[in-house]
Amino acid sequence: MIRKLICGAGAVGASLLTATAAFAQEAAAAAEPAVEAVVDKGDTAWMMTSTVLVLLMILPGLALFYGGLTRTKNMLATMTQIGAAACLAMIIWVTYGYGLAFGPEGNAYFAWGKWFLAGVTPDSLADTFSDGFKLPEYVFISFQMTFAAITVALVLGSVVERIKFSAVMVFAAIWLTIVYFPIAHMVWAAGGKFFEMGALDFAGGTVVHINAGVSALVAALILGKRIGYGKEIMAPHSLTLTMVGTGMLWVGWFGFNAGSALEANGSAALAMINTFVATAAGALAWMVAEKLAGHKASALGFCSGIIAGLVAVTPAAGNSGPMGAIILGAVASAICFVAVTVLKPKLGYDDSLDAFGIHGVGGIVGALGTAIVYAPGLGGPGDGSVSIGAQLGIQAAATGATIVWAAIGTAIAIYAAKAVTGLRVTPEVEREGLDLGEHGERAYNY
Amino acid sequence: MKFIIAIIKPFKLDEVRDALGTLGVAGMTVTEVKGFGRQKGQTEIYRGAEYSTNMLPKVKIEIAVSDALAPQVVETIQQTASTDAIGDGKVFVLDLASAVRIRTGETGDTAL
């Protein structure tokens, strides 16, 4: 299921039809007997709730999750980068981001129009998936805004503890413009490239997680390793805060996944139960994988498994049965475990907080796995009109295209930031910590 | 006067304090420290990144006592802090040149 947006003059006009009886009669005679567009207050309330739940995922969820994984001296820098990049994304979203992703006119790659939200009023409506049921467009804009904000914040997980604050801001602005908005348009807007291919992405496995994960990898490769990586101890400074952040991410993710149904209905309910069980399976699977690898079942493994399960079920949330979701969460978690514990050390790149290892890898497993769990024979909600193999091909094509687009766009954005502000803090600041060097504060004064 | 420095296992602190109290030791300074001796460290693993910590947490006790009390204090610490395992710690005894009680200006044994 893919969200789409057809709004504006037609929809608003329909609701104004009752203005005069004569006009109404005339319109009824001219148009086909269409369902009157209704804004359901239950849907609207749920979508407003979902929107702030996604904000909770960013602040303080992701900030604490990422912050706890960094060293004491970089705690504030990590949280501030996440918060500031998310805020910048919100401002950009209402000035031109919404237009580029969901504007009234467009081609397969981006849209245009509604710059500065021109023409949007409290009476403007956006489509849901049910004929005749609409949402206030401001709610749709806000909901989508939080997705842009969290995606750019996710990317930062690979570059924290060494990137300049100013570079983060320049990178975020360019990256959103040339990577996020076009991919959001391609996947979610009517007429978008992947939308028309029939790619399944319920809540943003491609747009958010594969996109953020691959971008994080490319950014980390260009930026280089942290000083002392592989030689000095870089243990997380507070797994307690990471655990707190993980819990908030999970709770917020119900807004992210079940909110992507755009209505308070059975599809949202399916997304909700899948967001429970896939995540639970992911948490347990990671700890089992640790045990099988000869380690102890760890708290960080538990948290990592939760995130891996959440990432994997994102594209499948409303596109899978609960049993399929359990398998998907568990498999993705185990594969992510291998990616961060075996693959990353072998390849030697420094993805500080495993943004690629969990969001990128988990996102790819989720996107491909959605083709399988969608099939009605496996308990999925699909109608079986597209075979698993054909759907897998579509998913792989969308995934591959996203990877290429994100990699190229990120390289451009990172080199642009390098030219404008420089990328890395000085070695002195990196050793002393970015909290003091970049923000003039300490996270903890005992 | 003697200055006694004992490095012991953290969980033994209360026992040692009580035993020294019955001996008549009037005060001590306690610090949480890290160090290593014969005891091996631990390995921590975070998402596959292994860090072996060869510094283990210990507690350092510093006590100033009169020459007469010093042998009993050392013996008491040794017996109370022992678990018969490596990593139980060490006791060091130094000669103490002088001591002053800040409030009264008393010196020597009366300052202790």
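Two strands count as paired if DSSP finds at least two bridges between them. Helices (H or I, at least four residues) and strands (E, at least two) are DSSP runs, numbered from the N terminus.

## The sheet of chain B

Four strands of chain B form an open sheet in the order β2-β5-β1-β6, with antiparallel pairing. β2 (29–35) and β6 (89–95) of chain B stand at the edges. Each has a single partner strand, so one side of each is left without a neighbour in the sheet. From one strand to the next the twist averages 20 degrees.

Strands of a sheet pair through backbone hydrogen bonds, either parallel or antiparallel.

## Model and confidence

This is a predicted model, in which local features need pLDDT of at least 70, side-chain atom pairs count only at pLDDT 80 or more, and totals for chains, interfaces and linings use all residues. Residues are numbered from 1 along each chain as its sequence is written, while chains are lettered from A and ligands numbered from 1 in the order in which they are written.

The model scores ipTM 0.79 and pTM 0.88. Chain B averages a pLDDT (the predictor's confidence in each residue, from 0 to 100) of 93. In chain B, 100% of the residues score at least 70. Confidence in chain B is highest in strand β1 (residues 2–8), at a mean of 97. It is lowest in strand β4 (residues 49–53) of chain B, at 86.

## Overall form of chain B

Chain B has two helices and six strands. Along the sequence they follow the pattern β-α-β-β-β-β-α-β. The radius of gyration of chain B is 17 Å, well over the 13 Å that the globule rule gives for 112 residues, so chain B is more spread out than a compact globule. That radius is taken over C-alpha atoms, and the rule is 2.2 Å times the number of residues to the power 0.38. Taken along the principal axes, the C-alpha atoms of chain B fill a box of roughly 60 × 30 × 20 Å.

Buried residues make up 17% of the 112 residues in chain B. A residue is buried if 20 or more other C-beta atoms lie within 10 Å of its own, exposed if 12 or fewer, and partly exposed in between, with C-beta atoms placed from the backbone. Of the contacts in chain B with a separation of 6 or more, 70% join residues 24 or more positions apart. Two residues are in contact if their C-beta atoms, placed from the backbone, lie within 7 Å.

## Overall form of chain A

Chain A has 16 helices and five strands. Its radius of gyration is 22 Å, close to the 22 Å that the globule rule gives for 446 residues, so chain A is as compact as a globular protein of that length. The C-alpha trace of chain A spans about 80 × 50 × 40 Å along its principal axes.

Buried residues account for 56% of the 446 residues in chain A. Of the contacts in chain A with a separation of 6 or more, 78% come from residues 24 or more positions apart.

## Strand pairing in chain A

Strand β5 (residues 133–136) of chain A pairs with strand β1 (residues 38–39) of chain A, in parallel, through two bridges. Three bridges join β5(A) to strand β4 (residues 125–127) of chain A, and these run antiparallel. K134(A) figures in both pairings. It is the bridge partner of V39(A), and D127(A) stands opposite K134(A).

β4(A) and β5(A) form a hairpin with five residues between them. In the turn, G132(A) has a positive phi of about 90 degrees.

## S215 of chain A

S215(A) lies in helix α8 (residues 205–223) of chain A. With 33 C-beta neighbours inside 10 Å, S215(A) counts as buried. Not counting residues up to four places away in sequence, S215(A) touches V155(A), W175(A), V179(A), A406(A) and T410(A). G157(A) is 58 residues from S215(A) in sequence and 10 Å away in space, C-alpha to C-alpha.

## Where the chains meet

The contact takes eleven residues from chain A and six residues from chain B. On the chain A side, α11 (299–313) and α12 (322–347) each supply at least two residues. The largest share, three residues, comes from α12(A).

By class, the side of chain A that touches chain B has six nonpolar, four polar and one charged residues. Ala, Val, Leu, Ile, Met, Phe, Trp, Tyr, Cys and Pro count as nonpolar, Asp, Glu, Lys and Arg as charged, and the others, Gly among them, as polar.

Key: Axes fitted to C-alpha atoms, helices over the stretch in contact; angles between N-to-C directions.
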